Amino acid sequence: MSPPSQAEAEVVDIVSTLIRFDTTNTGEPETTKGEAECARWVAAQLEEVGYQTEYLEAGAPGRGNVFARLEGADRTRGALMLHGHLDVVPAEPSDWRVHPFSGAVENGYVWGRGAVDMKDMCGMMIAVARHFKRAGIVPPRDIVFAFVSDEEAGGTYGCKWLVDHRPDLFAGVTEAIGEVGGFSLTIPRRDGGERTLYLIETAEKAMMWMRLTARGRAGHGSMTNDDNAVTAVAEAVAKLGRHRFPIVLSDSVEQFLAAVAEETGYTFDTNSPDIEGAIAKLGPIAKIVGATLRDTANPTMLKAGYKANVIPGTAEAVVDCRVLPGRQAAFEREVDELIGPDVTREWITNLPSYETTFDGELLEAMNAALLSVDPDARPVPYMLSGGTDAKHFAQLGIRCFGFAPLKLPPDLDFASLFHGVDERVPVDALKFGTQVLEHFLLHC
């Protein structure tokens with residue numbers, strides 16, 4: 001066994017340090033903090049080994065972003081970008097076993113908010129970038145390292161601003177890899193053994209936040225009122241929240257289910273009323289996979305009234321809609337039928353869906369990199385039910401994948417760690433991912 005590279009040797013400390021920066025993104029610029037300080041630390045780590053970095057703030061003070069480029073052997077080829085976001089969602093310390101911004105390394109894990117979303121990948125990127133520069137390693141083509149802000153609130157002060165105002169940062173970039181892909185899923189084989197699949201994200205549902213508004217006749221709460229805005233919006237919300245949209249399988253989902261069926265012998269019949277039951281056999285990952293079978297519309301916020309005895313003239317609700325590729329027009333028609341003519345809707349956020357094919361030289365390089373560390377690896381495509389910064393980069397024509405490799409313990413409920421209490425990443429998984437990324441960047 002060869003000795004660990006410098007990247008493997010320092011990745012755990014780097015991830016732990018990143019977590020100790022409280023980069024909580026509340027969704028409000030005035031209460032979001034820490035991104036600039038963290039980004040400047042990242043820039044310092046890269047500059048220490050010889051990178052020229054560009055630090056810039058996206059659309060508002062403190063929204064720090066860092067870019068660095070490592071020149072490759074063939075500069076006529078399109079560049080590959082590795083991107084990671086430095087912001088995290090809020091965490092309540094009293095709910096956690098350890099402080100969420102301690103970066104504690106205990107019981108074989110690095111603990112803290114951002115450990116899997118996504119300071120693990122950012123740490124691996126930094127570790128590999130530093131190792132390549134120190135060792136004088138020249139990759140086959142240019143590599144762009146991008147560390148960005150505001151992903152957890154849709155990227156308004158991060159990727160959206162950067163794509164809109166600084167497209168030159170992405171000049172020559174043709175492909176990119178980012179979060180929520182490359183992690184392992186251990187499944188039972190039909191012969192009684194086990195097989196390790198690595199889920200490569202090739203698609204994302206659209207992220208569309210919708211405001212519903214009802215207007216009625218304001219009045220005294222003691223009187224009858226057949227034009228109550230609260231009643232109208234509540235009825236619309238209840239219909240949407242209980243509605244089940246039709247099952248529609250994208251190419252990415254079909255290919256994922258086919259691979260699982262081949263290995264396990266499970267049957268995923270789209271005409272069966274219990275296809276979700278079959279998917280539930282996959283364990284915790286079923287929470288993500290199940291959400292990619294159909295569009296979803298989950299009510300999340302309600303707003304109406306200012307006094308108990310006053311019927312308000314307006315009432316509002318916010319619904320988190322996640323829509324499959326190619327389904328937006330059909331989805332909107334279905335929503336309009338459900339909410340009826342007395343409730344209006346508008347999009348607060350409308351980030352499109354994305355899907356690419358599971359083929360090409362970059363996929364071959366991912367496969368080879370995984371096999372170099374795990375000979376039992378089988379990469380498979382899948383769709384993410386949520387969204388990432390790839391939505392913004394895809395608008396520039398960049399082909400995007402989720403590939404932040406981690407080999408996880410089979411019993412770890414990985415899906416629940418995203419935005420969850422006691423978020424943590426295995427130390428061994430970080431070292432595994434760093435080895436895979438090194439191999440991948442040397443053959444990309």
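## Enclosed space

A cavity is here a set of grid points where a 1.4 Å probe fits but cannot get out. In this predicted model, a search of the whole structure finds 1 cavity of 30 Å³ or more. The largest cavity holds about 70 Å³ of space.

Its lining is formed by Val116, Met118, Asp120, Met121, Glu179, Val180, Gly181, Phe183, Ala404, Leu406, Phe414 and Phe418. By class, 9 of the lining residues are nonpolar, 1 is polar and 2 are charged.

## Helix α10

Helix α10 spans residues 361-373 and has 13 residues. From its first C-alpha to its last, α10 reaches 19 Å, close to the 18 Å expected at 1.5 Å a residue. Its buried residues are Leu362, Leu363, Ala365, Met366, Ala369 and Leu370. These residues lie on the same side of α10, because they cover an arc of only 160° around the axis.

The cover over the buried residues of α10 includes the strands β3 (79-85), β7 (173-178), β9 (194-204), β17 (377-384) and β18 (399-402), together with the helix α13 (427-442). On the face of α10 turned away from the buried side are the exposed residues Glu361 and Glu364.

## Alanine 153

Alanine 153 is located in the loop between β6 (143-148) and α4 (159-165). With a relative accessible area of 23%, alanine 153 is partly exposed, since buried means under 20% and exposed over 50%.

Leaving aside residues up to four places away in sequence, alanine 153 touches Asn25, Gly27 and Asp87. Alanine 330 is 177 residues from alanine 153 along the chain, and their C-alpha atoms are separated by 26 Å.

Definitions and conventions
Residues are numbered from 1 along each chain as its sequence is written. This is a predicted model: local features need pLDDT of at least 70, side-chain atom pairs count only at pLDDT 80 or more; totals for chains, interfaces and linings use all residues. Side-chain values use heavy atoms; hydrogens and water are left out. Helices (H or I, at least four residues) and strands (E, at least two) are DSSP runs, numbered from the N terminus. The expected span of a helix is 1.5 Å times one less than its number of residues. Buried means under 20% relative accessible area, exposed over 50%, partly exposed in between (1.4 Å probe, protein chains only). The arc is that of the directions from the helix axis to the C-beta atoms. Contact means heavy atoms within 4.5 Å. On a 1 Å grid over the protein atoms alone, a cavity is a set of points where a 1.4 Å probe fits but cannot get out, and a pocket is an open set with protein on both sides within 12 Å along at least five of seven lines; lining residues have an atom within 4 Å of a point. Grid points are joined across faces, edges and corners, and a volume is the space filled by probe spheres set on the points. Ala, Val, Leu, Ile, Met, Phe, Trp, Tyr, Cys and Pro count as nonpolar, Asp, Glu, Lys and Arg as charged, and the others, Gly among them, as polar.
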